[in-house]
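This report describes selected features of a single protein model.

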Amino acid sequence: MLRLTSPATIIVLAALTALGPLATDMYLPAMPAMAEALNTGPDQIQLTLSLYMAGFAMAQLLCGPISDHFGRRPVMIAGFTLFLLASLLCAFAPTVEWLLAGRFLQAFGGAAGPVLGRAAVRDIYGPVEAGRVLSYMASTMAMAPALAPVVGAGLLLFFGWQSVFMLLAVYAAIMLLILALLMPEPLPPGRRQSVAPRVILANYRMLLTQRSFVGYTLINASGFAGLFAFLSGSSFVLIEYMGLSPFQYGVGFILIVVGFFSGTLFSGHYSHRLGRDRLLMLATLMCALAGTIMALLALGGVHQPWAVIGPHILFLFGFGIVMPQSMAGALAPNPQCAGSASSLFGFLQMTIAALGGALVGQFHDGTSRTMAIAIALGGLVSLGAYLALIRQGSRATGNSREGCRQG
């Protein structure tokens, strides 16, 4: 068994959390080919991404509270088992309807990795150190979205789009072995929660009365909606409209993820020196500025790959700071129900992002305009949430009601 505080445990938790970006980013270069193979339109293939996020959001409301009672490890084992089976369903889907069903089930199982990975960090490291650890975990995780589109493009070229989902099934199988044989349980027995619906609902109501929880969650969800708008529309914009090859798209995606990776390293390095809220002020300003630049270029008729990729590098640098710091801020005052807090945080994040992605697909006009406007709105709302809910007094302890119900 690994020690809970060892670097190897952090790497394992990062690998478990990376399941989310792997399941979304790896098949992005294959989306146009999937539409052709399954005889359907871009809107239906983009729906596989939005439906994944919707299922991911719903599952999070369940797996967090359940893990507060039974522990993180058994719930992750169950989730990864479902993800493995659903990935095989996606690989052998004969129609887009079967693919949609497989993606929903994939999401339902895959939610356990990110939700419980975050909760485990809070269990192990406490409220202050969790922000720094989550930043370095995000740095490790950045390898997943950096490599995933390139790997997906290679698999598409040599083996077809189905091989993407076969590789995801193999990844899930490896994670299952690590969970079963090496991963210790991070949740102490003394902090276990009741799974009675009234207790779960009471904890959710309590969290929604915390100004800091709502503020940090909206900062993250809005920034993630901008990222998800790019994930939903970029392959059609950059490959179909602007003429990049799937391999060139993958290389461009690496450049974008370098921005995210750099942001997470910046966040971890300056976490103690600048503090959570000053970092978030800087990061939300970056996201708002980057999204606005991309939208103005698109509305001005500049339809070149650099006009999308360049601003999004800056956006992802800001979001690389936003993601770990907002997560830590939302979970900090809630040690007794870190699973429930992580669940509600993730549910709101994914729900807002899925709605944004669905709108991008619905109003996609063949150019980069719709996607760029959605990214700009994500950055601006993230900045607004910081100014309205965090800067205006979330530091005052009286603004938070602490204490989850245990039974």
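Contact here means that heavy atoms lie within 4.5 Å of each other. The model is a predicted one.

By that criterion, and leaving aside residues up to four places away in sequence, Leu13 touches Gly117, Ala120, Val121, Ile124, Met137 and Met183. Leu13 belongs to helix H1, which spans residues 7–17. Its relative accessible area is 1%, and a residue counts as buried when this value is under 20%; Leu13 is therefore buried. One of its contacts, Met137, is 124 residues away along the chain, yet the C-alpha atoms of Leu13 and Met137 are separated by 7.8 Å.

On the surface, a nonpolar patch is formed by Met58, Leu62, Ile66, Phe70, Phe108 and Val195. Together these residues have about 510 Å² of accessible area. Helix H4, residues 42–70, supplies the largest share of the patch, namely four residues. Phe70 is located in helix H4.

Charge pairing is the remaining topic. Side chains of opposite charge can pair when their charged atoms come close. A search of the whole structure finds one salt bridge, and Asp68 forms a salt bridge with Arg72. The closest N and O atoms of this pair are 2.8 Å apart. Both Asp68 and Arg72 are buried.

The two residue pairs for which a distance is given are listed below.

| Pair | Atoms | Distance |
|---|---|---|
| Leu13 and Met137 | C-alpha atoms | 7.8 Å |
| Asp68 and Arg72 | closest N and O atoms | 2.8 Å |

Definitions and conventions:
Residues are numbered from 1 along each chain as its sequence is written. This is a predicted model: local features need pLDDT of at least 70, side-chain atom pairs count only at pLDDT 80 or more; totals for chains, interfaces and linings use all residues. Side-chain values use heavy atoms; hydrogens and water are left out. Patches are made of residues with over 30% relative accessible area and no salt bridge: like charges are joined within 9 Å, nonpolar side chains (Val, Leu, Ile, Met, Phe, Trp, Tyr) within 5 Å. Accessible areas come from the Shrake-Rupley method with a 1.4 Å probe; for residues, only the protein chains shown count as cover. A salt bridge is a side-chain nitrogen of Lys or Arg within 4 Å of a carboxyl oxygen of Asp or Glu. Helices (H or I, at least four residues) and strands (E, at least two) are DSSP runs, numbered from the N terminus. Buried means under 20% relative accessible area, exposed over 50%, partly exposed in between (1.4 Å probe, protein chains only).
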